[in-house]
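Please consult the sequence and coordinates shown below.

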Amino acid sequence: MVPTNPVSTPDEIAYVLAHSEARLAVTDPRVGEACRTAGVACPTRLDVVECRPLDALLTGLPDAPPDVAVTSSDEVSIQYTSGTTSKPKGVLLTQANYVYGGEVMAKAMRAAPTDRHLIVLPLFHAGAQLHAFVPMLLVGGSVALMERFGAGRFVDQAIRHQATLAALFAAPIRMLLAQPRRPEDGATRLRAVSYAQNVTPEQFEEWHARFRAPLLQIWGMTETMSLPLMQPLDLPPKPLSMGMPVLGYEVKVVDEAGREVPAGVVGELIVRGTPGVSLMKGYFKNPEATAQALREGWLWSGDQAWRDADGYFFFVDRKKDMLKPAGENVSASEVEETLRQHPAVFDAAVVGVPDPVRDQAIKAYVILGDAASATAEELIAWCRSRLSPFKVPEVVEFRTSFPRTSVGKIQKHLLHG
């Protein structure tokens, strides 16, 4: 199967359908036309089936299962990466990947038959499949599957469905914190909410004071399927830490030559695992990218991170998001977090733009909060008082929204492309 975003444009769907050599599209009637339009570009003939009503599709089919043997090493899906900087790559996954990823998450969250996972993330994404749905299948729990995330509905949905677990990203967390306070905010049964991507320390504290549901930051990629790093349930939380390695993974921070760096030093995060079991089998029809990512049993993530003396890991930035003004190393994430701490700022995205003197200049795109106001000069002065001079944005541009992937990652190549 090749899970895809139903609201993708025909051009976006066409790329995935053609690259995956898809032969059948099972889709919703509301977006069936996009599949039919995109199907023209497929190298194989594409049949489009619209799921309404489902029972009509099943009429006349045999009751007996097909005479096909399935093994743990068989390929089960291609998950296309978010594509924040380039065309998505097809991550090839096996039956064992799904079971392994689900088992790791179930054990890390101590999932039980009495748990119910509130799923608000898109089900075509590895996060909802492997970190929410599959663990509940494995332990005999249940799910409350929502059509989409809505900041104004999340708390009521958690209460109505008596959910005990949930998964979010940083952007939905900020959206929830921006909602008007209500007495119901702290009345859910949520005992753990996993989340990816950084929030500020102030947002971390405000969440717990308001919603009383422990946040567990995690780190993983479609290429790892599971979550190699998680904040342990039983240890005191370290805000902004991605946690420690979970059972079955070894994680290191290394320099360009692959040598492990000391605690406190930033480097690239790499993960040891078994391709086709605890790591992806590879990239579909892309042996060069596979060889670059999987080297001698280690997955090179492209993420910059560091670990502290206690063994906790901290995310810095995507390697591609490290800026180089006048040869200095600047983390876009650090500048973005500084901007988000300004009371008027709802969200921020920082990029490098060509500069004739410094090679790169730092530009910030900013979304202000509702009814908030601030000038570019004020925000630059805010950063200047908190960051080294070479980290301060030269330009601030205000936006009302950012182009995002299905899980809330900002598509910076579209923002300034």
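The largest cavity is lined by F154, V155, A158, D185, T188, L190, W207, F211 and A213. The model is predicted: local features need pLDDT of at least 70, side-chain atom pairs count only at pLDDT 80 or more, and totals for chains, interfaces and linings use all residues. Residues are numbered from 1 along each chain as its sequence is written, and side-chain values use heavy atoms, with hydrogens and water left out.

**Cavities**

- On a 1 Å grid over the protein atoms alone, a cavity is a set of points where a 1.4 Å probe fits but cannot get out, and lining residues have an atom within 4 Å of a point.
- Helices α6 (154-160) and α8 (201-211) are the elements that give two or more residues to the lining of the largest cavity; α6 provides the largest share, three residues.
- That lining divides into seven nonpolar, one polar and one charged residues, where Ala, Val, Leu, Ile, Met, Phe, Trp, Tyr, Cys and Pro count as nonpolar, Asp, Glu, Lys and Arg as charged, and the others, Gly among them, as polar.

**Second largest pocket**

- The second largest pocket (an open set of points with protein on both sides within 12 Å along at least five of seven lines) has a volume of about 400 Å³.
- Its lining comprises 19 residues, of which R174, A178, Q203, V345 and F346 lie nearest the centre of the pocket.
- By class, the lining of this pocket has nine nonpolar, five polar and five charged residues, and α8 supplies its largest share, three residues.

**Packing of α4 and α5**

- Helices α4 (residues 95-108) and α5 (residues 126-139) pack at an angle of about 85°, their axes 8 Å apart.
- This angle makes α4 roughly perpendicular to α5 (65 to 115 degrees).
- Contact (heavy atoms within 4.5 Å) involves residues including Y98, V99 and M105 of α4 and L130, V134 and L138 of α5.

- Y100 lies in α4 and Y249 in the loop between β11 (241-245) and β12 (250-254), so the pair ties together parts 149 residues apart in sequence.

Note on methods. Axes are lines fitted to C-alpha atoms, for helices over the stretch in contact, and angles run from 0 to 180 degrees between N-to-C directions. Helices (H or I, at least four residues) and strands (E, at least two) are DSSP runs, numbered from the N terminus. Angles under 35 degrees count as roughly parallel, over 145 as roughly antiparallel, 65 to 115 as roughly perpendicular and the rest as oblique. Grid points are joined across faces, edges and corners, and a volume is the space filled by probe spheres set on the points.
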